[in-house]
Amino acid sequence: NLMRLFGSERIVKLMDRMGLDEGEVIQHSMITNSIERAQKRVEENNFGVRKRLLEYDNVMNSQREVIYKRRKNALEGERLQLDVLNMIYDVCDELVISTQGKGGYDNFKLQLIKTFGLNSSVDEGAFNNYKPEELSAKVYQELLKHYRERVEKFMQVHYPMFKDLYVNRGASIENIIIPFSDGKRQINVLAKLDKLVADKSSELQKSLEKSITLAVIDTLWIEHLREMDDLKQSVQNAVFEQKDPLLVYKFEAFQLFKTFIAKVNEETLSFLFRADIMVQDQPVKEARKEQPAKKQYTENKAEVESMLGALAKGNNGGRQQAAQEEEKIMPVKSTKIAGRNDRVSVQYPDGSVRKDVKYKTVEEDIANNRCVLIEE
């Protein structure tokens, strides 16, 4: 550290003037104090670097706490419905703020249909006259009613299928997988069959909300982490503008996280309001690992006799076929050209000739067609 601060040449000259040999213990108070000051400067510099990095990490930790809490609520399921209601209100509030004003009514109607599939009862006059908080509350009530009616209607249509599956195979099936799709993505929803039949709407609603919330968060969070890494590298150029990179990072990170949360809310709600069971031959299947199919053997006597009769009539053809199959699987026999210690002559493609050499020295070249035997 002392050499790094003062330079190795200056230290060597100083030691020479003092008449100290290499490896000799330094006991002078001036040298000791210089080393202590140098060590203190290095430690202060390292502490400043670590503190700076910690401040960058604190920004990411605050974001992790928010998103991990929401993901934990989805896994446990206790506060998930409250999170969904908060999502609906936040999206309504953001939609009203961004569209309310002159010429924003058409965009307002379009966004509701695009995201939620809802044609709002709010006309253009009420849209312009309502206060933002009043309009947000009204749209929120419409969306909440539309969502609950959709879940109940959905269960009325598909409940007989779940009931029939429970009556016929309820003793052997505990969980089922229901494939949902909104036309863009597919989500497999895991639900307990007995609870699904006992509670017609809440169990399916909880399972669907849990699956889509986890899927959207996991996908978009990875993209957000990449954007945060890119931001951390790019803000270092703020030094050239005489700005503090940390302050720029905090501001830009907040804007990125705000956009990330809005995108999570929008994609989650869009799927919940537009998803339906995929149409296929077997829309619902048991949630278990598929076992490999066992080989089926023919046990019908008539089929066995017909097979034997066909073999008897075509005996010659069968023999020929068996002979061909036997010929295919017979191992290839190698023909030995000469003994390993026999003297031979070979010629290579470039025209060079090796005469009177032992066969074992050129055996590999002959096998790989790199030379040919010639007669002397």
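In this predicted model, Val344 stands opposite Val357 in strand 6. Strand 5 covers residues 343-347, and its pairing with strand 6 is antiparallel over 4 bridges. Strands of a sheet pair through backbone hydrogen bonds, in either a parallel or an antiparallel sense.

The hairpin of strand 5 and strand 6 has 5 residues between the strands. Within this hairpin, Gly351 takes a positive phi near 95°. Asp356 also has a positive phi, of about 55°, although Asp356 is not a glycine. This residue is found in strand 6. Its relative accessibility is 44%, so Asp356 counts as partly exposed; the buried class lies under 20% and the exposed class over 50%.

With strand 7, strand 5 pairs in the antiparallel sense over 3 bridges. Here Ser345 has Ile374 of strand 7 as its bridge partner.

The loop between helix 13 and strand 7 holds Asn369. Asn369 has 68% relative accessibility and therefore counts as exposed. Asn369 and Pro349 are 20 residues apart in sequence. In space, their C-alpha atoms are 9.8 Å apart.

The protein as a whole contains 13 helices and 7 strands. It has 376 residues, of which 31% count as buried. Contacts between residues at least 6 apart in sequence were also examined. Among these contacts, 63% join residues at least 24 apart.

Leu135 belongs to the buried part. This residue is found in helix 7. At 0% relative accessibility, Leu135 falls under the 20% limit and so counts as buried. Neighbours within four places in sequence are left aside in what follows. Beyond them, Leu135 is in contact with Val96, Gln100, Val122, Phe127 and Tyr130. Of these residues, Gln100 is 35 residues from Leu135 in sequence. The C-alpha atoms of Leu135 and Gln100 are 9.2 Å apart in space.

Rolling a probe the size of a water molecule over the atoms shows where empty space is left. The count comes to 1 cavity of 30 Å³ or more. About 110 Å³ of space lies in the largest cavity. Its lining consists of Tyr147, Arg150, Val151, Phe154, Phe180, Leu204, Gln205, Leu208, Leu272 and Ala275. These lining residues divide into 8 nonpolar, 1 polar and 1 charged. Helix 7 (132-169) and helix 9 (202-234) each supply at least two residues of the lining. Helix 7 gives the most, with 4 residues. Helix 7 is also where Leu135 is found.

Notes
Residues numbered from 1 in each chain as written. Predicted model: local features only at pLDDT ≥ 70, side-chain atom pairs only at ≥ 80, totals over all residues. Heavy atoms only, no water. Pairing = 2+ DSSP bridges. 1 Å grid on protein atoms, 1.4 Å probe; cavity = no way out; pocket = protein on both sides within 12 Å on 5 of 7 lines; lining within 4 Å. Points joined across faces, edges and corners; volume = space filled by probe spheres on them. Nonpolar A, V, L, I, M, F, W, Y, C, P; charged D, E, K, R; others polar. Buried < 20%, exposed > 50% of the residue type's maximum accessible area, 1.4 Å probe, protein only. Contact = heavy atoms within 4.5 Å.
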